[in-house]
Amino acid sequence: MDKNNEIKKLIETFHSEYTQNGEPIRINFREIVTELSSTERYSHLIHSYPAKLLCHIPYFFLQTDYFCPENGVVLDPFCGTGTVMLEANISGRNAKGADANPLACLISKVKTTYIKKEDLQKTLGTIISRAKRFNTNECIDTSSVSRWFSKSTISQLWHLECAIKKVRDTKQQDFFMMCLSNLVKKVSFADPSISVPVKLNPERFAQNPERMESAKFKLKTLENIDVYDKFENICQLNINRIESLKDIYSNGITSEIISNDARLLTKEIGSTEILQDKSVDLILTSPPYAGAQKYIRSSWLNLYWLGTKNSEDIRLLNKQNIGREDYHKADMFRVITSIQAADDVLTSLYDEGKNERAFIVGNYLNEMKSAIDESVRVLKTGGYMIIVIGNNTVCGRPFDTQDYLTTYITSKGLRLQFKLIDDIKSYGLMTKRNKTASRISCEWVLVFKK
Ligand SMILES: C[S@@+](CC[C@H](N)C(=O)[O-])C[C@H]1O[C@@H](n2cnc3c(N)ncnc32)[C@H](O)[C@@H]1O
């Protein structure tokens, strides 16, 4: 049996099992998709990012024409680093994506754009020699990042930024900007094990003398690191990753970032023209979780070197982020979602005076409802919507996001086909939440048909 039919049969089994007993089906995508055992696949590892989707999941759903015709359009309205977009392109489909984080948009764009190796090599040489020629005494105001880098690193990063901005070809400029961003945390004093920038503190490892020494050594090395050399190494690795895309993009397959907000899908970024109703065959996405990741806060050092130097701009970007938790008291009000089970949890939180947590999770659901409305609008009749999402707990109570979203999506007329559960084996950058919420331990895959 070929792969397409094999997966179709499996999907039909999931559907009939779910229809019979209404229980989510436990699976392990890593075990089902054994052919993807290698960690390096095309350009997936071009840049790190919090809570990236396991590429096995879109790979699995795109191995068959059950969910999307062979040359159909796949949309990921919360595309992050473009895992779904790249897998859609590899499978021969066109991809569209949206994300509120400009870093995510840049990574997705670069990850799905083929550029000839020779061109990138040549430009890399020009950038390095240009950066090295810049006048080191040139004065820029870097006070907002000065505690994160040594003086010499700041000046090298600045020269690289200026040299890259001189590259005329925008695709190449994007590629090198993304490589610069990739470098930023590696040459900073930020603790690499924490997603939001926190200064590396050797005292944290007081119980482990070896780690403490290694942290001290790292901080010392960072004082005089050769940033140009590190940049060149990162670029070389990424040039090879981009070269691996050659065959994928030789036949006119497209990939576009169309919007900065899943709640308003436009034809292209910056356009006021909205994406046509019923124009997408498949929506496959892993939306943010309620309060689980601080996407903008964790990217702010990167965004600084990509050109967003003003803290007010960072604040505005953060405001667009669904799932954020840093609200001003004045912006919070008593929130209801009209999803009964969720409102019951909110009521009990309010009764206990946990108004802030109630607002964070309630507002998250309301913002997700708007994003779902927009996704339903652009999905073709008969098209599928596949959502990968986790639950968390709020002030000790289960907050069953997957259940609330299911209630809302089915109220919009979509039919639930089945639910899968996969345990998250690699926690990656998922951080242990503060005492009011627990770590998300498994992912739900919800499959709906319009
Ligand atoms: C779980 S991550 C997606 C990860 C992605 N699947 C990947 O593999 O990299 C959720 C994403 O939703 C984005 N996001 C948050 N609010 C958004 C909004 N209003 N519109 C679009 N994207 C948003 C975040 O910036 C983040 O990149």
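Predicted model: local features only at pLDDT ≥ 70, side-chain atom pairs only at ≥ 80, totals over all residues.
Helices (H or I, at least four residues) and strands (E, at least two) are DSSP runs, numbered from the N terminus.

Residue numbers start from 1 along each chain, following the sequence as written.

## Domains

The domain assignment gives domain 1 (3-112 + 254-449) and domain 2 (117-243). Such bounds come from an automatic or database domain assignment. Taken over C-alpha atoms, the two domain centres are 30 Å apart. The contact takes 23 residues from domain 1 and 22 residues from domain 2. Two residues are in contact if their C-beta atoms, placed from the backbone, lie within 7 Å.

On the domain 1 side, α5 (102-111) and α11 (295-305) each supply at least two residues. Helix α11 gives the most, with seven residues. By class, this side has 14 nonpolar, six polar and three charged residues. Here Ala, Val, Leu, Ile, Met, Phe, Trp, Tyr, Cys and Pro count as nonpolar, Asp, Glu, Lys and Arg as charged, and the others, Gly among them, as polar.

## The ligand shell

There are 23 residues around the ligand, and L53, F78, G80, T83 and A100 come nearest. A residue is near a molecule if its C-beta atom, placed from the backbone, lies within 6 Å of it. The shell divides into 12 nonpolar, seven polar and four charged residues.

## The sheet

Strands of a sheet pair through backbone hydrogen bonds, either parallel or antiparallel. In this model, eight strands form an open, mixed sheet in the order β1-β9-β10-β6-β5-β2-β3-β4. Strands β1 (25-26) and β4 (255-259) stand at the edges, each with a single partner strand, so one side of each has no neighbour in the sheet. Two strands pair if DSSP finds at least two bridges between them.

Here are two of the pairings.

| Strands | Sense | Bridges | Facing residues |
|---|---|---|---|
| β6 (residues 379-389) and β10 (residues 442-449) | antiparallel | six bridges | Y384 and K449 |

Is β4 enclosed or open? Four of its five residues are buried, so β4 is largely enclosed by the rest of the structure. A residue is buried if 20 or more other C-beta atoms lie within 10 Å of its own, exposed if 12 or fewer, and partly exposed in between, with C-beta atoms placed from the backbone.

Helix α14 (residues 355-378) has 24 residues and reaches 35 Å from its first C-alpha to its last. That is close to the 34 Å expected at 1.5 Å a residue. The expected span is 1.5 Å times one less than the number of residues. In α14, 18 of the 24 residues are buried, so the helix is largely enclosed by the rest of the structure.

## Single residues

Most residues other than glycine have a negative phi. Y42 is not a glycine, yet its phi is positive, about 45°. With 18 C-beta neighbours inside 10 Å, Y42 counts as partly exposed. K278 also is not a glycine and has a positive phi, about 50°. K278 is found in the loop between β4 and β5 (280-285). It is partly exposed, with 14 other C-beta atoms within 10 Å.

D423 lies in strand β9 (residues 415-423). D423 is exposed, with 11 other C-beta atoms within 10 Å. Leaving aside neighbours within four places in sequence, D423 is in contact with S441 and C442.
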